[in-house]
Amino acid sequence: MSIRSALHAVHFMSLRDIGLFRRSAKTDASIARNRGLLGDRGAFEAAYAGADPWASADPAYRYQRRKYETLVGLLPDRPYRAALDLGCGVGLMTRMLADRAGTVLGLDVAQAAIDTAAAGSAGLAQVQFRQADILDLPDDLDGQFDLVVLADTLYYLSPMQDALLKQLALRTQRLLVPGGVCLLANHYFSGADADSRLSRRIHRAFAWSPGYRVLSEHRRPFYLVSVMETEPPAPGA
């Protein structure tokens, strides 16, 4: 990390946020252990039995909220009729997207996460939540959104295979209307660590996808962002 990035990170985080990273690491390790016992969905259901396992919406920490504020600020400045938050967790990003989109749907594999997200969003009529597996998304979602967000989601896939990532890139395109936007964000640290290498694989797979055009890429402490667009509608369509 450069000196400039390190100084930005200090401003971006509080000392308390170091505890957030430790808590996140413990949650990730617990999910990895439980996968063999409970399966993929069961491991996440167990994690979300504690309501907010990554403390993403805990006001005691500022990192995740500021991160999501930055992500929303990186979206192209245009109106969004309907947004989809894939892997919504407890719904922090979903609620933030409500300021930019007419309606927002949050999906997560864990019903426990959906229940917590819905309870925390009860006053937002334009926000809804639904349990769904990103690897088996229902066809009735296709062509319903002009914005899809995948933040801190895809690196939890197991096993992580390039072919699967490319299939997901193609699958997310089907969710979007022509000219729709996809925002992809994943952990990024030094660049040489395993998490950063995995994030680069994810972003390369989406950039490979012939239906996406990369609008912008951003590297922040401690995450990588790609903003992409599907083919715009034909003139006169």
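Author: The structure holds 8 aromatic pairs, a pair being rings of Phe, Tyr and Trp (its six-membered ring) whose centres lie within 6.5 Å, with planes under 30 degrees apart counted as stacked, over 60 as edge-to-face and the rest as tilted. This is a predicted model, in which local features need pLDDT of at least 70 and side-chain atom pairs count only at pLDDT 80 or more, while totals for chains, interfaces and linings use all residues. Residues are numbered from 1 along each chain as its sequence is written, and side-chain values use heavy atoms, with hydrogens and water left out.

Reader: Why is the pair of Phe-44 and Tyr-156 called edge-to-face?

Author: The ring centres of Phe-44 and Tyr-156 are 5.9 Å apart and their planes stand at 90 degrees, so the pair is edge-to-face.

Reader: What makes this pair a tie between parts apart in sequence?

Author: Phe-44 belongs to helix α2 (residues 17-48), whereas Tyr-156 is in the loop between β4 (145-151) and α6 (162-175), so the pair ties together parts that are 112 residues apart in sequence. Helices (H or I, at least four residues) and strands (E, at least two) are DSSP runs, numbered from the N terminus.

Reader: How do you know that Tyr-156 is buried?

Author: Buried means under 20% relative accessible area, exposed over 50% and partly exposed in between (1.4 Å probe, protein chains only); Tyr-156 has 15%, so it is buried. Phe-44, with 10%, is therefore buried too.

Reader: Why is the pair of Tyr-155 and Tyr-156 called tilted?

Author: The centres of the Tyr-155 and Tyr-156 rings are 4.9 Å apart and the planes are at 55 degrees, so the pair is tilted.

Reader: What makes Ser-56 count as buried?

Author: Ser-56, placed in the loop between α2 and α3, has a relative accessible area of 16%, so it is buried.
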